Amino acid sequence: MVILKSRDEIAVMREAGRVVALTLEAVKAAVRPGVSLRELDAIGEETIRGHGATPSFLGYRPHFAPTPFRGTLCLSPNDVIVHGIPDATRLREGDLLSIDCGAIVEGYHGDAAMTVPVGQIDAAAERLLAVTRFALETGIRQARAGNRLSDISHAVGKVAHEAGYGIVPDFGGHGIGRVMHEDPSVLNDGRPGRGLRLREGLVLAIEPMFNEGGGAYTVKPDGWALVTRDGSRSAHFEHTVAITEDGPRVLTLP
């Protein structure tokens, strides 16, 4: 079921999105060689709760997961695409780290992600981050009333194909509101002009995930983390976006 949000509901989601944005910035500022994923997760939880919000991911158990999620953030280094569980792993110079954050304010979720460098990274990694970020921006521009859902998917996928990156086939964006994952699913590839007609009040999490190699992945034994099958690096960028009469409104900004 696709649930449209009122202006008042979108205003609350904007506050949740603001907490997410501030949390991402706090965690990003702490990323450095030697820091552990658990230490970064603690910063994330402290920041979310310090703004009077609740972590969306902690204890969350979607249909595909064998256990509730054991962290506030999804922290996914290098070949981990998404859903990395924070552990004792310490980051190293040259790593890439995807940080995915969700927060709840007055029952409504905000959700966003970014991939950040750990110290100095190589030119290929810089390109992967820039292209994936650009794909998110391109997809957001298609989130307009009257367009079709697949116009977003096509815009994102076109960027990946032109850059030669793999697209994760089974995971992408989603509707969001009182539930973290609502209908509709927002794929990161597809033909334009298909699917749901976009309407004012629809709120979507748009999230490209691109791999340097192919799109194939495996799931870690924890049942959560997706890892590229060929060991290539992955990048992930996401924003929560409301479709309004004035065009797309990004809710997960500071």
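Both faces of strand S2 (residues 73-77) are covered in this predicted model. Leu73, Leu75 and Pro77 lie on one side, Cys74 and Ser76 on the other, and all are buried. Buried means under 20% relative accessible area, exposed means over 50%, and partly exposed lies in between, for a 1.4 Å probe and protein chains only. In a regular strand the side chains alternate between the two faces of the sheet. S2 is mostly covered, with five of its five residues buried. Strands (E, at least two residues) and helices (H or I, at least four) are DSSP runs, numbered from the N terminus. S2 runs antiparallel to strand S4 (residues 96-105), and five bridges join them. Leu73 has Cys101 as its bridge partner in S4. Two strands count as paired if DSSP finds at least two bridges between them.

The model is predicted: local features need pLDDT of at least 70, side-chain atom pairs count only at pLDDT 80 or more, and totals for chains, interfaces and linings use all residues. Residues are numbered from 1 along each chain as its sequence is written, and side-chain values use heavy atoms, with hydrogens and water left out.

Strand S9 (residues 203-206) pairs with S14 in the antiparallel sense over four bridges. Here Val203 stands opposite Ala242 of S14. S14 also pairs with strand S15 (residues 247-250), again antiparallel and over four bridges. Two residues lie between S14 and S15, and the two strands form a hairpin. Val241 has Val250 as its bridge partner in S15. Ala242 stands opposite Arg249 in S15. Five of the six residues of S14 are buried, so S14 is largely enclosed by the rest of the structure.

Two helix pairs were also examined. Helix H1 (7-30) and helix H2 (residues 37-50) pack at an angle of about 150°, with their axes 9 Å apart. Axes are lines fitted to C-alpha atoms, for helices over the stretch in contact, and angles run from 0 to 180 degrees between N-to-C directions. H1 and H2 are therefore roughly antiparallel to each other. Angles over 145 degrees count as roughly antiparallel, under 35 as roughly parallel, 65 to 115 as roughly perpendicular and the rest as oblique. H1 passes H2 in a right-handed crossing. A crossing is right-handed if the near helix is turned clockwise from the far one by less than a right angle, and left-handed if anticlockwise. From H1, the contact (heavy atoms within 4.5 Å) involves Val19, Leu22, Thr23, Ala26, Val27 and Ala30. From H2, Leu40, Ile43, Gly44, Thr47 and Ile48 take part. By class, this contact has eight nonpolar, three polar and no charged residues. Ala, Val, Leu, Ile, Met, Phe, Trp, Tyr, Cys and Pro count as nonpolar, Asp, Glu, Lys and Arg as charged, and the others, Gly among them, as polar.

The axes of helix H3 (residues 123-141) and helix H4 (residues 149-163) come within 8 Å and cross at roughly 155°. That makes H3 roughly antiparallel to H4. Their crossing is right-handed. H3 contributes Arg127, Val131, Phe134, Ala135, Thr138 and Gly139 to the contact, and H4 contributes Ile152, Ala155, Val156, Val159 and Ala163. The contact has eight nonpolar, two polar and one charged residues.

Ile3 lies in the segment before H1. Ile3 is partly exposed, with a relative accessible area of 38%. Ile3 touches Glu182 and Gly201, not counting residues up to four places away in sequence. Ile3 and Ile176 are 173 residues apart in sequence, yet 8.7 Å apart in space, C-alpha to C-alpha.
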